[in-house]
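Hi,

Here is the structure I promised to pass on.

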Amino acid sequence: MRSAQQILADSAVIAVVGASRDPHKAAHQVPAEMQQYGWRIIPVNPTVDELFGEKAYPSLADIPHPVDLVDVFRPAADAVDVVRQAVAVGTPAVWLQLGIVSAEARRIAEEAGIDYVEDRCLIVERAVAGLTRLG
């Protein structure tokens, strides 16, 4: 299994499940910052048409192209279903944001052989590793 920082280094396209239009929420700030550092952010939110200048999709299954990483901004109880969806669409890695932990989601990811990170923040790990996808 790859480390959290290796997953970020290897990923170019991140689907963000639970991305928020509210600029005061971490579910908006974190993907916006990742986008500023060169990652392509695909918002997954059934209540919006567009976020971060990208078309938003109601579910992972609706995204018409592969993604490298699924980042989850949903309660732990919802993470299990999100991980099942990520496995179903063939995503190589799933990341549960800071404060989100699910033994069941971890088990599903491990049984499917995909990388799994929980209770960690994308922008913190990006900063610690000094990662960027710009230039």
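Which residue lies over the face of Tyr 57? Lys 55 does, at 5.1 Å from the ring centre. I call a charge over a ring when NZ of Lys or CZ of Arg is within 6 Å of the ring centre and within 35 degrees of the ring normal. Tyr 37 has a charge over its ring too: the charged end of Arg 126, 3.5 Å from the centre.

Before the rest, some ground rules. This is a predicted model, so local features need pLDDT of at least 70 and side-chain atom pairs count only at pLDDT 80 or more, while totals for chains, interfaces and linings use all residues. Residues are numbered from 1 along each chain as its sequence is written, and side-chain values use heavy atoms, with hydrogens and water left out.

Now the sheet. Five strands form an open sheet with parallel pairing, in the order β2-β1-β5-β6-β7 (strands are DSSP runs of E, at least two residues, numbered from the N terminus; two of them pair if DSSP finds at least two bridges between them). Its edge strands, β2 (40-44) and β7 (115-117), each pair on one side only. From one strand to the next, the twist averages 20° (axes are lines fitted to C-alpha atoms, with angles from 0 to 180 degrees between N-to-C directions). Four bridges join β1 (residues 13-17) and β5 (residues 69-72) in the parallel sense. At Val 17, the bridge partner in β5 is Val 72.

Cheers
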